[in-house]
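Good morning, everyone, and thank you for making time for this short walk through one structure.

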Amino acid sequence: MKNLFPILLLVTTALTLQACSKDQDLEDYKKTRLQKNLAEIQTANGKYSGYLLSKQSGANLGALQLTLTATTQVQPSTDESKSSAQPVLLVSVTFQGVSRMTTSAENTYYDPDTGAFQADVPIIQQAANGQSQTIKISLTGVLSNGVLKGTMEAKDYPDYGGTFSLSNKGASLDSLVQASKPTGAAFSQGTYAGTTTFGKVSKNVSMIILKPVTTSDQDFVSLFFPKIPVKVTLNYGDGALVNFDDSTLDQTNSTVQGNGTITKNNQTETLSLICNGQNTNQHFECSVRTSRAVGEMAHLSLQASTDDANKGPADSDTSSYENHSYDGTVTLRGGISKPAELTVSYAARNRQDEINDLYFPQAETLLNVNYTLDNGAFGVTFTDVKWDSEKGTLDVTQQGTSDGLSATFSLNCRGFTFGPKPYFFTCDFHSSLGNTYEQIVFKSNP
């Protein structure tokens, strides 16, 4: 038994040396294979440059450069002993169109045997309302004899992509742009002129469809993604604007859809806009609906225009001051009748107020009303009287003074329409002084 230990030690040592030898052989094999695979991919190394051409029109969209660099990366593993290096192809994308952008591609693939090449270019697209989404532009092509030919397109929109033929060690982007300026740039602005019809009322209007300020990445994406975030402005002149900041132009079917708001007397109305383009967006028919009204609130018919839409249309005169008086009779206590007069005025409005009234007719309008009794023996001037044109009511309660005494006055009218035609309506007047209550029947003066 005394001689058995040295023998076991020798056997163990021999087995260990044999295992180490196998591990070393495996590592050598991995390194050799890695270098071989890396060398195959390195055949694609280089800067490939040329033009990106529109699939639809063949127009020059801009100069494109792909920089391909083969390297190795360690593939992570939960078991560190199993982590290994793999050859990868890094792709840098530089594009010079409306602006210059440089970004890195991901999910790259290259087959040195067939020359097949694939990569994804992720770009963040931001809408006018601030929301964003990631758009992936797919690169697909074949590399052969130093020339990379292929296509670029967004998912679900292959028709809006581009084709390219890029040469290794080709001309620089600046040289390419100087030799041939981009002619197929993405949409940036459209200007239109026409009319807006509100029932029986028609107003001239200019419409601007404007792509908001974007980054160079977003300029690049707009070449491939037909749904473009835009801002739509309806200009009625003299500073009267209706904005649809959250809008989208869909170039696949020439439609514009957007949302906006208008405010009147501290009330907000939500507007929705739908425009259908015709004749390559040279003509638009648009419909505006509101959150309160049923059906179409306004209809726009517009033609492409070269005029300065920021100036607005010519018929931009503001509405004039309107003043209407109404004679009536009030029966006081004891059966005594006294003459009464009601003067209702609508202060001169600016153009914006006039347009808001047309888009927001259901909202209460604020008027000024002067009530006098017995040929001026007593009178109260009311401000900010609420007129509901649908219900035909005038309502106001306010603090005031009479003969030096503080009082609360209220006026409530029914059947009132602010117009020139003769008609009758009834008002109730109340004063806290002596708890005075009066009912007056007025007749308008045509």
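Predicted model: local features only at pLDDT ≥ 70, side-chain atom pairs only at ≥ 80, totals over all residues.

Let me step back to the chain as a whole. The protein chain contains four helices and 25 strands, and of its 446 residues, 41% count as buried. If we take the contacts between residues at least 6 apart in sequence, 48% of them join residues at least 24 apart. The chain exposes about 24000 Å², and carbon and sulfur atoms supply 49% of that area.

Next, I would like to turn to two hairpins. In the hairpin of E7 and E8, there are two residues between the strands, and the strands themselves, residues 132–144 and residues 147–154, pair in the antiparallel sense over eight bridges. Within this pairing, Thr 140 stands opposite Thr 151 in E8. Asn 145 sits in the loop between E7 and E8, and its phi is near 55 degrees, which is a positive value in a residue other than glycine. Is Asn 145 buried or exposed? With a relative accessible area of 79%, Asn 145 is exposed.

The other hairpin, that of E20 and E21, has four residues between the strands, and here eight bridges join E20 to E21, with the two running antiparallel. Thr 372 stands opposite Gly 379 in E21. Asp 374 lies in the loop between strand E20, residues 365–373, and strand E21, residues 378–388, and although Asp 374 is not a glycine, its phi is positive at about 55 degrees. Its relative accessibility is 28%, so Asp 374 counts as partly exposed. On E20 there is also a pairing with strand E19, residues 337–346, where six bridges join the antiparallel strands, and in that pairing Ala 340 stands opposite Leu 373 in E20.

Now please look at Gln 398, which is found in strand E22, residues 393–402. Gln 398 has a relative accessible area of 19%, and because the cut-off for buried is under 20%, this residue counts as buried. What does the side chain of Gln 398 reach? It reaches the backbone oxygen of Thr 381, at 2.8 Å. Leaving aside neighbours within four places in sequence, Gln 398 is in contact with several residues, including Phe 382, Ala 407 and Phe 409.

From there, let us move to helix H4. Seven of the nine residues of H4 are buried, so the helix is largely enclosed by the rest of the structure. Among those buried residues are Arg 351, Glu 354 and Asp 357. The N-terminal end of H4 is capped by Asn 350, with a side-chain oxygen 3.1 Å from the backbone nitrogen of Gln 352.

I will finish with the aromatic residues, for which a search of the whole structure finds 16 pairs. One of them is formed by Tyr 236 and Tyr 359, and this pair is edge-to-face, with 6.3 Å from centre to centre and 70 degrees between the planes. Tyr 236 lies in the loop between strand E12 and strand E13, whereas Tyr 359 lies in helix H4, so the pair ties together parts that are 123 residues apart in sequence. Tyr 236 counts as buried at 0% relative accessibility, and Tyr 359 also counts as buried, at 0%. Elsewhere in the list, Tyr 326, Trp 387, Phe 416, Tyr 423, Phe 425 and Phe 442 form one aromatic cluster.

Conventions. Residues numbered from 1 in each chain as written. Heavy atoms only, no water. Pairing = 2+ DSSP bridges. Phe/Tyr/Trp six-rings, centres within 6.5 Å; stacked < 30°, edge-to-face > 60°. Buried < 20%, exposed > 50% of the residue type's maximum accessible area, 1.4 Å probe, protein only. Contact = heavy atoms within 4.5 Å. Areas by Shrake-Rupley, 256 points an atom, 1.4 Å probe, with all protein chains shown as cover. Polar contact = N/O pair within 3.5 Å; in protein donor to acceptor, adjacent residues only side chain to side chain.
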